[in-house]
Amino acid sequence: MMATRTRSPLSQEMIVAAIAALLFMAFFLTQPVFRTTDNLLSLLQNVSILGILGLGMALSIIGRGIDLSIVTVMAMSSAWVLQLANSGLPLGLALLAGLLLSIAVGLVNGALIAFLEVPAIFATLAVATLNYGVVRTALLDDNLVYLKAEVPGWFHAIGGGALFGIPNPVLLFALVCLLLHLFLRYDIAGRFLYAMGENPAAARITGIANRPLTLLQYAICSVIGFGAGMILASTIGSVETRIARSTMVYDVILVAVIGGIGLSGGKGGVRNVIIGTALIGVLLNGMTILNTPYTVQNIIKSVILMLAIVADSILNPRDEQTSQQGDI
Amino acid sequence: MIRMQAMRKVYGSVAAVDGVDFDLDAGEIHALLGENGAGKSTLTKMLSGVVQPSSGTILLDGSPVHFGNPAEAMAAGIAMVYQENSLVPTMTVAQNLFLGEERAFNRLRPLYIAAQQFLQSLNFNVDPWAQVSTLGVAQRQMVEIARAVRKNARVIIFDEPTASLTPEEKHHFFGLVRRLKANRVSIVFISHALEEALDLSDRITVLRDGRLVATGPTATFDRARIVSAMVGREAPLVEATQGLRNPRPPGRRVLSVQNLSMGNIVRNTSFSLYEGQVTGIFGLIGSGRTEMAKIVTGVFKRNTFHGGEVLLDDRPVRYRVPRAAVRDGIVYVTEDRKAEGFFDDMPVSENIGIGYLAAGFGRSRIVRRSDLARIAREWTQKLDVASTSGDARVIELSGGNQQKVVIAKSLVQRPRVVFLDEPTRGVDVGAIAEIHRMIRDLSAAGTTVVVISSYLPEILAISDRILVCRKGRIVEEFPADAADEKTIMYAAVH
């Protein structure tokens with residue numbers, strides 16, 4: 001494996017995988033409700049959106065950045081698609097418009113980071129706020145957009161359907177995993193992304209076009225966010241745009257970082273996101289079955305995120321000589 | 001006065017310093033010599049409290065001491081002046097001098113007056129009002145020294161103090177060191193420049209691979225003895241006081257630079273490069289030689305190009321990013337391999353593979369891993385990169401092997417013109433010879449090679465033609481057979 005490589009045999013990835021497996025066994029043995037096929041399927045379905053967003057986040061972190069706007073892109077572009085469909089536009093065109101909007105947001109992110117050299121964390125934070133504000137005031141009528149128009153059946157099948165008993169969102173998560181894995185490992189841009197994340201200055205001198213690569217990176221992030229938004233919209237038939245103002249983006253970072261995507265860039269891959277998603281999925285589902293209050297769930301999640309970040313900085317120490325001011 | 005006994009420091013499984021005894025008398029200048037990685041810096045860092053010894057004792061005036069951090073060592077009168085600056089760049093000279101002594105109500109005027117008087121008493125020509133970031137390297141060093149002296153240091157450790165000084169500044173510096181000695185201050189002087197050590201010191205200690213190999217009064221040493229102690233054999237590092245006896249004639253002109261300017265770092269300079277020759281560019285640090293290469297190869301960012309022309313095969317080119325230069329076959333191999341040379345955590349094969357991919361040979365976007373592995377194997381064998389396998393991460397290799405990986409990463413791009421900036425900096429003796437052999441082979445195969453170096457024997461040993469850079473301009477050109485150390489150095493400093 002080239003993508004994931006850690007010094008100690010006990011990598012963060014393996015620790016997290018073991019914890020996820022232990023938790024799973026614990027819930028499985030002690031909670032009869034957890035054991036049911038229905039529950040296990042709903043567990044998978046519930047985390048698949050988070051997992052897809054985690055893949056986008058992982059992509060941005062591997063290239064030594066971060067995309068805080070991914071949840072906003074998810075909510076705003078999918079809400080706009082529903083609004084356009086409600087106003088009578090054919091669904092295909094509405095989807096195209098949403099896709100273009102998300103790509104545009106990604107390119108703005110990338111341009112700020114690549115050409116104006118704004119640290120990714122600030123650029124994407126500003127773009128997220130701007131995206132929310134502009135789309136909400138200029139394009140949407142309400143915070144909560146219901147799908148009222150008659151749409152073809154396949155649209156409902158995206159989120160609601162199932163194949164061989166497995167819900168479609170889970171299959172779509174698997175598909176995005178596969179595509180991103182192929183991109184990162186076998187596409188030339190994927191390899192360059194690792195190089196840029198590892199050492200941007202060296203990548204540049206070697207002849208890699210860092211700036212176009214950064215644009216591509218954030219565009220793909222946004223498209224992944226848009227895809228997640230459409231799956232969610234199809235599942236529940238509406239989009240609540242205030243999710244953009246929620247703490248969901250922290251859960252997305254949690255999923256990426258906890259699986260071992262190093263925040264210092266250039267490290268990790270799809271497998272790490274899958275492991276992170278598995279842990280968070282089992283944990284959330286188990287806590288819900290145990291009737292853990294929402295606030296306590298938040299405490300547990302935040303403690304886990306903190307532990308993951310501490311473990312990351314111990315396992316992947318930031319190199320003084322290559323880090324830059326404003327880096328996360 | 002200070003006695004260090006059986007000092008040992010282990011990093012991981014490697015002993016950086018292994019059982020070294022070192023002592024220092026009052027008012028003595030003690031030179032500490034050795035190759036890169038010999039353990040000089042580690043030994044002195046243990047004395048100054050920066051590094052904690054794994055074992056061993058330090059006796060100060062006969063009683064054992066332990067320094068947990070540099071502040072404790074400073075309180076005992078031991079100060080270290082680093083290669084890299086430890087000043088706050090956004091503060092003024094005076095503020096830096098009095099750093100850590102500010103009172104709650106800190107008035108600046110008395111501070112500046114005191115700083116002025118103090119600097120004058122040392123005969124240092126530094127403006128106390130100047131912000132440190134605006135100072136040159138030599139002046140920053142003066143501020144560092146002044147700070148150490150002001151804190152009544154009894155022992156001052158200088159780590160490569162003269163590396164970035166001009167001859168005149170060196171002269172000043174040596175005067176200062178002698179004055180300190182007259183005031184009974186003890187000096188530890190770490191250096192690569194053997195002549196300076198022989199000139200200045202009372203005693204010499206040579207380390208090799210973390211062990212003490214020779215120590216004694218300076219009078220008992222000469223250059224040959226130091227060199228043989230440093231490298232562990234009689235042959236000196238690079239033997240060349242005369243240039244190559246049979247320099248090759250220039251081939252076709254490949255690259256021509258005309259009236260290139262950038263601020264006051266590169267001033268209206270012109271030079272040409274010819275096929276089949278190794279062109280050596282010699283210049284002191286700060287003479288603009290690296291900057292020239294970086295402008296030509298597009299490594300410098302944005303608007304640093306203040307006029308001038310670069311012709312490749314008589315066709316004007318102007319590279320704003322390295323990518324364009326790489327695709328035209330012009331590569332720059334950096335002098336700072338850690339910051340902008342290799343990808344630390346990637347294996348050797350991947351580093352070389354990225355170079356290959358970035359050259360843009362293939363039409364396909366799809367990466368064939370087996371091809372990359374084969375290319376990496378071929379190059380690691382060609383350059384004799386000693387790693388257990390292509391899977392070793394670059395950060396785990398020695399300096400010499402790291403440098404070979406960085407060079408391989410560029411050569412795999414099949415360049416026509418290669419700029420090698422300080423190709424043997426921080427590289428062990430064996431690897432120096434191999435890199436020099438590689439440079440000759442490259443040139444013999446028709447590649448236009450430029451070697452930038454501030455190490456004269458290296459320039460003389462491998463160049464067919466020598467350019468001397470001074471204050472941002474190529475000022476002299478020598479055919480290799482007409483050059484020797486003295487004439488080149490004269491051109492570089494006057």
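In chain B, B:V257 has B:V310 of strand β14(B) as its bridge partner. The two strands concerned, β11 (residues 253-262) and β14 (residues 309-312) of chain B, run antiparallel and are joined by four bridges; strands are taken as DSSP runs of E of at least two residues, and helices as runs of H or I of at least four, numbered from the N terminus. The model is predicted, so that local features require pLDDT of at least 70 and side-chain atom pairs pLDDT 80 or more, whereas totals for chains, interfaces and linings use all residues. Residues are numbered from 1 along each chain as its sequence is written, with chains lettered from A and ligands numbered from 1 in the order in which they are written.

Both strands belong to an open sheet of four strands in chain B, ordered β12-β11-β14-β15, with antiparallel pairing (two strands pair if DSSP finds at least two bridges between them). Strands β12 (266-274) and β15 (315-317) of chain B each have a single partner strand and stand at the edges, so one side of each lacks a neighbour in the sheet. From one strand to the next, the twist averages 20 degrees. Helix α9 (residues 289-296) of chain B packs on the sheet, where it touches β11, β12 and β14 of chain B, and its direction makes about 115 degrees with that of β11(B). Contact denotes C-beta atoms, placed from the backbone, within 7 Å; angles run from 0 to 180 degrees between N-to-C directions, and axes are lines fitted to C-alpha atoms, for helices over the stretch in contact.

Elsewhere in chain B, helix α4 (residues 108-121) comprises 14 residues and reaches 20 Å from its first C-alpha to its last, close to the 20 Å expected at 1.5 Å a residue (the expected span being 1.5 Å times one less than the number of residues). After α4(B) comes B:N123, with a positive phi near 65 degrees.

In chain A, helices α3 (residues 37-62) and α13 (residues 270-289) pack at an angle of about 145 degrees, their axes lying 9 Å apart. Residues making this contact include A:L43, A:V47 and A:L50 of α3(A) and A:V273, A:G276 and A:I280 of α13(A).

The contact between the chains takes 22 residues from chain A and 29 residues from chain B. On the side of chain A that touches chain B, the elements giving two or more residues are α9 (188-198) and α10 (200-206) of chain A. The largest share of this side, five residues, is supplied by α10(A).

Methods. Contact = placed C-beta atoms within 7 Å.
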